[in-house]
Amino acid sequence: MQQNQSQPWIHAGTLASIQEKGHKLIHGGIAVFYHEEQVYAVDNRCPHLGFPLHMGSLCDGILTCHWHHARFDVCSGGTLDPWADDVPSYEVKIENGDVWVNSQPKQANSIEKYKLRLREGLEQNLGLVIAKAVVGLVEAGVSAAEITQIGIKFGTAYGRGWNSGLTILTAMANVLPKLDKAGTILALYQGLLHVARNSSGAAARHLLKPLPGADVPFERLTEWYRNCVEVRDTQGAERVLLTAIRQGASREQLSEMMLIAATDHFYLDGGHTFDFHNKAFEGLGLIGKEHTEQTLTSLVRLLANPTRSEELHQWQSPVNLVAPLKEAFEQLDSLLLTASYSVISEADEKKIVEQLLSDKPLETVNLVTEVLKSGAHPAQLAQLAALAAAERIVRFHTQNDFGDWISVLHTFTYTHAVHERLRRSTHPLLIRAIYHGIISIYLDRFLNIPAAQRPDGSVVPPVDTSKPEQLLQILDQRQQVKEAARWTVGYLHAGGDPGALLNTLGHALLREDAEFHSFQMYEAAVAEYELWAERSDAFAARAGETMLLAATRYLAAHAPTPRELPHIAHIATRLYRGERLFEEG
């Protein structure tokens, strides 16, 4: 029989031969079965992990894979087990005692099918299903923003609100330009998997209604929102927020309203509250304003019962750090929102960072106030605070308690979030967040006593800049913090490509079963590095190196792990390519 090119048919043999054996493998990896006086054809690879289905069993129309016992309707290929995916099935016809199989599956994979499987993977918290869907969507050319949108929509619709999983997903979406295709797949997969884990078993989140009136001034709504947050009335806060959204408030206005309320108290929940708000607004920028209500209302629960740091002992004793900040805040009211800002000189930048790292907090508060009153842009000051916080990580001695890595990490990611927000808004009340950050930098000072020695680029061993993957080899061993830092400095001083290093650090993160804070560390370091790289002076160059060193040291301290998650993503990629995970032998 001559094959039609638009519908190529494969000769599977005679009906009698297939009846005799019960099954037959044919060209293209298709398994043909004779069952209950009918002939069926399906892909021979189990869609779960690739086990040959002709080695399974067929009973009562159900084809069972013997590797993990996934079950399939042999006629349609549909699975009874959601974690396994449907197996492609093929049309069969019999002519003159010969069996022919259409080489094109009845239902080919499509972008919509991959999106559906991604949503199902999120709903059922199925890592391999999520990984397969991500691989299929990326290979099909679907934008990262579109894939991210599916995750954020799901994560904000189920559960108690914005969480670490949604923060990871947004952070990873931000760094995708620094990653190759393999890194992109890993970043999206890990972010989406953490969203699924955070929402696993959670009920749908139903929004309240906005206030019926549509003529309340935005300034009054802001006042109401702050008052609701002050007394931890999250329901009232949500209704006010929804009212502002329905009235058409811009994203910048909403950001100011919510973050001013979040800074009415000091350093809420160790900085997480501000950081999560920042990530939610960044995520909203990725997925579109039509998702504003679902996304921003997911933040309100964070204000129900956060730790208010001004109530903590270390913020009041032995040095009262609360009263000087309140005095400084009173002076911020005189700062003009529309002022033309001056640039802090390179020499003054160095002095400010040195002061931020000092053990004299009251002098630091006064200096910050004077710098702001002199007309400096708050974002530049916030950038210097983030640099000082990163320097704490560079100087963090490995003799400290291991858990204290998170303390310096929290300060850095918080100051980074403040920097990002102040690049977009300079409202005087929002500037209070800088002060909260500088106090946290001060409180972290003992974690730099003794201080770890910063590698000297002029004396470190030579590094082969053509092989940035050497860093990954160093991180195959535990606690190679010093060695990894020396390699990074050696790489940079030998003229290595920072872009290749950022990609390598991304893989250092994504090849691990990383915990939440490692994702935060990498993304914040990448963002801060990129902003310093816009300048060409010596101070900026050293600041950029500080960011890369901080990321290297933190990731080295938290590697290696069992690497189960990247292994699952690797399996998904191999299955997509048609590789055989199971070899007969």
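This report looks at some strands and a pair of helices in a predicted model.

## About the model

Local features need pLDDT of at least 70 and side-chain atom pairs count only at pLDDT 80 or more, while totals for chains, interfaces and linings use all residues. Residues are numbered from 1 along each chain as its sequence is written, and side-chain values use heavy atoms, with hydrogens and water left out.

## A hairpin

Let's begin with strand β2 (residues 23–26) and strand β3 (residues 30–35), which run antiparallel and are joined by four bridges. Strands here are DSSP runs (E, at least two residues), numbered from the N terminus, and two of them pair if DSSP finds at least two bridges between them. Isoleucine 26 stands opposite isoleucine 30 in β3. Three residues lie between β2 and β3 in this hairpin, and glycine 28 in the turn has a positive phi of about 95°.

## A three-stranded sheet

Next comes an open sheet with the order β5-β6-β7 and antiparallel pairing. Its edge strands, β5 (57–59) and β7 (71–73), each pair on one side only. Three bridges join β5 to β6 (residues 62–64); serine 57 has threonine 64 in β6 as its bridge partner.

## Two helices in contact

Finally, meet α10 (residues 272–287) and α21 (residues 516–532), whose axes come within 14 Å and cross at roughly 65°. Helices are DSSP runs of H or I, at least four residues; axes are lines fitted to C-alpha atoms over the stretch in contact, with angles from 0 to 180 degrees between N-to-C directions.

In α10, His272, Asp275, Phe276, Lys279 and Glu282 meet Phe516, His517, Gln520 and Glu523 of α21 (contact means heavy atoms within 4.5 Å).
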